[in-house]
Amino acid sequence: MTDCYVYAAVRTPFGRFGGALAGVRPDDLAATALSGVLDRAPALDPSQVGDVVWGNANGAGEDNRNVGRMAVLLAGLPTSVPATTVNRLCGSSLDAVMIGSRTVETGDADVVVAGGVESMSRAPWVLPKPSRAFPAGDVTAVSTTLGWRLVNERMPAEWTVSLGEANEALADQHDVSRQRQDSYAAASHAKATAAWGSGFYDQLVVPVPGVDLARDEGIRDGASPESLGGLRPAFRPDGTITAGNASPLSDGAAAVLLGSAAAADRIGTAPLARVAGRAAYALDPQQFGYAPVEAATMALEHAGVAWSQVGAVELNEAFAVQSLVCVDAWLARGLPAPEVVNARGGAIAIGHPLGASGARVVGTLVARMREENVRWGVAAICIGVGQGLAVVLENPEAA
């Protein structure tokens, strides 16, 4: 067994549903991220990439035929470079990073690219396959953009509630107010605005050819708890979750270059972080927002690290309420301060293209750890249908 390191990470800007990236095919977005991360490896011969592991959640449209392999071909890599596509819904590209890191650790490949893509704007409508020949009645087309579709009637009803309703129940369970959610969301927008203004994302984000989009499209400059407080609840008439304190439907792609220590010379750059621990956790489907709590704790245990040692956390903000519940639980377990979580903004502002978000949080985490001289960091994500993933990284340069 050998250690696996992160050598580079990039992403596209994230676009809003129906926005600047809506005209770009997901396989083209994936190729942009793949090319972008390999551009960060000046000495690497692309033929030496042992595998590409790519995340994608919807995968029912232009991304339906192993979009990872499509990205390899469209990016102009040698046809000898293999690729696979994995689907763990919102955690797909974090799963890709985990799979890729294991591939390096076991010696099955010395260099792996992991990443993911989602175009929620271009997610197609689907029809169920007829159960008998030549049906005479009408059928309903179902959107594949987000959430449950074509639900199996054997599933208990409480498992198949909407993502929003599940998080309204989480707010009730943990007594998280609308005001607290709106304050958290406003802070996410403010931190993302400041991070873009300071140049933090300049080296992390690569442009999409032919698209005039310089930064993440969903950021609301000047958002305040008061302005967000004026938005209507989206799931319950008297609910707490709105379009302002939940992540938007988004389009985008992200990629991470992984390799062994011995691969540094061939890659042409020093490693940025070591993959120190990983974990997956599952629970009742409607409780999915809480799953990162245990996934991150398990990953830290695997790495032999305590919460009190963690200096940076990147948690994908699917909803403000689930983010607050996770942070509260981690603080109770020893996380030093809430300020270490999502210090450069989160998915409420940046966006959440399902298959790309896991690789996005890894890239942001690595950049933060290097900039802030943090030794231990955690990337975590909640996943619809009751799962969570987390990865622990170590900064080898931290004092």
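Reader: What makes strand β1 (residues 5-11) mostly covered?

Author: Seven of the seven residues of β1 are buried, where buried means under 20% relative accessible area, exposed over 50%, and partly exposed in between (1.4 Å probe, protein chains only). A strand here is a DSSP run of E with at least two residues, numbered from the N terminus. The model is predicted: local features need pLDDT of at least 70, side-chain atom pairs count only at pLDDT 80 or more, and totals for chains, interfaces and linings use all residues. Residues are numbered from 1 along each chain as its sequence is written, and side-chain values use heavy atoms, with hydrogens and water left out.

Reader: How do you know that β1 pairs with strand β8 (residues 250-259)?

Author: Two strands pair if DSSP finds at least two bridges between them. Six bridges join β1 to β8, and the two run antiparallel; therefore they count as paired. Valine 6 stands opposite leucine 258 in β8.

Reader: Why is glutamate 314 called buried?

Author: Its relative accessibility is 0%, so glutamate 314 counts as buried. This residue is found in strand β10 (residues 310-315).

Reader: Which residues is glutamate 314 in contact with, leaving aside its neighbours within four places in sequence?

Author: Contact means heavy atoms within 4.5 Å. Among the residues in contact with glutamate 314 are Asn342, Arg360, Leu365, Arg368 and Val378.

Note on methods
Helices (H or I, at least four residues) and strands (E, at least two) are DSSP runs, numbered from the N terminus.
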